[in-house]
Amino acid sequence: MAVPEGSTGLIRIAKASCSTLAPNQVHLLPCSISFSGPAPVSDYFRPRITDSNMEGVELKEAAFRGRKLLGRTTELPPGYCGLFLEKEVTSEGGTRAKKKSTSVAAVDIWNAKATFKDVTYWRHDDNPHSVDSGHKFLDWLRLAAMMHKPVSAEEVLMEETKSRKNGQKRKSEET
């Protein structure tokens with residue numbers, strides 16, 4: 001099986017091999033950490049729910065390396081789930097190397113290890129808002145779903161009728 005030109009990898013999603021994470025386990029922090037590997041995160045990062053809320057969503061508070069963080073949890077839209085991916089490791093212990101060839105054996109293969117339904121995003125010393133970039137990606141998911149939603153002939157006719165009526169109404173108001 002050949003991989004289309006421009007592809008950089010394959011993702012294998014097997015429901016049986018994926019676990020579902022409990023709510024509030026995925027966090028988007030306003031920092032970069034130069035480490036990749038296991039870490040006792042729960043020993044140091046302990047979010048707690050505050051008494052306040054913003055836009056009807058309860059706020060959370062935590063600290064990371066002595067800096068106060070404020071966060072809010074947002075659910076992914078219906079029909080979406082997040083995936084944690086892991087690069088497949090070869091029997092020699094390394095990851096598959098990409099080659100110029102476009103065969104399946106020559107590209108990176110990623111396996112889904114867990115799914116999630118919500119994300120908690122954090123800000124330093126400021127309340128997280130629905131207009132933050134940490135929340136705006138959800139707007140794009142909703143917009144993309146609307147753009148790609150099939151439209152029936154009846155819906156097209158209804159919109160054309162509305163448009164004609166609005167055009168006639170504007171003309172009568174102008175005269």
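How many aromatic pairs are there by the ring-pairing rule? The count comes to two, with rings of Phe, Tyr and Trp (its six-membered ring) pairing if their centres lie within 6.5 Å.

Before you click, note that this is a predicted model, where local features need pLDDT of at least 70, side-chain atom pairs count only at pLDDT 80 or more, and totals for chains, interfaces and linings use all residues. Residues are numbered from 1 along each chain as its sequence is written, and side-chain values use heavy atoms, leaving out hydrogens and water.

**Stop one.** Select Phe45 and Trp122: this pair is edge-to-face, 5.5 Å centre to centre with 80 degrees between the planes (under 30 degrees is stacked, over 60 edge-to-face, the rest tilted). Phe45 sits in the loop between α1 (41-44) and β4 (48-54) and Trp122 in strand β9 (residues 118-124), so the pair ties together parts 77 residues apart in sequence. Phe45 counts as buried at 10% relative accessibility, and so does Trp122 at 3%. Buried means under 20% relative accessible area, exposed over 50%, partly exposed in between (1.4 Å probe, protein chains only).

**Stop two.** Now pick Phe84 and Phe116, with ring centres 5.3 Å apart and planes at 50 degrees, so this pair is tilted. Phe84 is partly exposed at 37%, whereas Phe116 is buried at 12%.

**Stop three.** Go to Lys60, in strand β5 (residues 57-64). Its side chain makes a polar contact with the side chain of Thr73 at 2.7 Å (N or O atoms within 3.5 Å; within protein, one must be able to donate a hydrogen and the other to accept it, and residues adjacent in sequence count only if both atoms are side-chain atoms).

Methods. Helix = DSSP H or I, 4+ residues; strand = E, 2+ residues; numbered from the N terminus.
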